[in-house]
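I opened my notebook for this one with a simple plan: overall layout to begin with, then a helix, then a few single residues. Here is the entry, with the structure to look at alongside.

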Amino acid sequence: MKILTKMSIATIGANPSVVKTEEFVKSGASSHPIARIYGIATGLVFKVDPKTGDVQTAVSGNFEAANLATGEVFRAGVLWLPSGIQELLINAVDTGAVDANGKPVYNDVKFGFQINAHPAKNPIGYSYSAEQLIDATQNDPLADLRAELPALEAPATAPAKTK
């Protein structure tokens, strides 16, 4: 397993351009699976594009991805998904709330996607879609551990106070 500083379709070496090949066109397929990406999203990371000044948003957490062409598996703490797919995960993670210190409050979201490439009539010649492999759910990272612990005993009744 390779550990990356950030994960994206490019950094895992997935090749969406495969849908532009003569072999793919002859196959008659409408899409080609290129990656499986899954993990637990726990926050958001903001980056300013130095060229445009636009703020871009990545998802932070614990992620793994498999390049479906090579079988290589990767792990990272920051994830950039294709546009349109990324926003669905951002919306699930972002509560819009802040804590008492003014810091954002995020949902922990467990998810799994298969990313597919499709031929497209755009300048790059392909687009992406995602198949949801599991239902995206808010995750309680301590739930499994809590289930293994012995049950708490009921509190003893406190003696009555006398005056």
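This is a predicted model: local features need pLDDT of at least 70, side-chain atom pairs count only at pLDDT 80 or more; totals for chains, interfaces and linings use all residues.

**Layout.** I read the elements off from the N terminus, and they run β-α-β-β-β-α-β-β-β-β-β-α. The radius of gyration (taken over C-alpha atoms) is 22 Å, well over the 15 Å that the globule rule gives for 163 residues, so the protein is more spread out than a compact globule. For that rule I used 2.2 Å times the number of residues to the power 0.38. The tally of elements is 3 helices and 9 strands; both are DSSP runs numbered from the N terminus, helices being H or I with at least four residues and strands E with at least two.

Residues are numbered from 1 along each chain as its sequence is written, and side-chain values use heavy atoms, with hydrogens and water left out.

**Whole-protein numbers.** I looked up the span of the C-alpha trace along its principal axes and got about 90 × 40 × 25 Å. The accessible surface comes to about 10800 Å², and 55% of it belongs to carbon and sulfur atoms; the areas come from the Shrake-Rupley method with a 1.4 Å probe, and for residues only the protein chains shown count as cover. Buried residues make up 30% of the 163, where buried means under 20% relative accessible area, exposed over 50%, and partly exposed in between (1.4 Å probe, protein chains only). I also checked contacts (heavy atoms within 4.5 Å): of those between residues at least 6 apart in sequence, 56% join residues at least 24 apart.

**Helix α2.** Which residues of α2 are buried? In this helix, residues 85–93, I found Ile 85, Gln 86, Leu 89, Ile 90 and Val 93. They cover an arc of only 135 degrees around the axis, which puts them on the same side of α2; the arc is that of the directions from the helix axis to the C-beta atoms. Leu 88 and Asn 91 are exposed on the other side.

I then followed Ile 90, which is buried with a relative accessible area of 13%. Apart from residues up to four places away in sequence, Ile 90 touches Leu 44, Thr 57 and Val 59. Thr 42 is 48 residues from Ile 90 in sequence, and their C-alpha atoms are 10.0 Å apart.

**Two strand residues.** Ser 60 sits in strand β3, residues 55–67, and counts as buried at 17% relative accessibility. Beyond four places in sequence, its contacts include Thr 42, Leu 44 and Gly 77.

Is Asn 116 buried or exposed? At 2% relative accessibility, Asn 116 counts as buried; its place is in strand β7, residues 109–119. Leaving out residues up to four places away, Asn 116 touches several others, among them His 32, Ile 34, Tyr 128 and Glu 131. Ile 34 is 82 residues away in sequence, yet the C-alpha distance to Asn 116 is 5.5 Å.

Asp 99 is partly exposed, at 33% relative accessible area. Thr 52 is 47 residues from Asp 99 in sequence and 31 Å from it in space, C-alpha to C-alpha.
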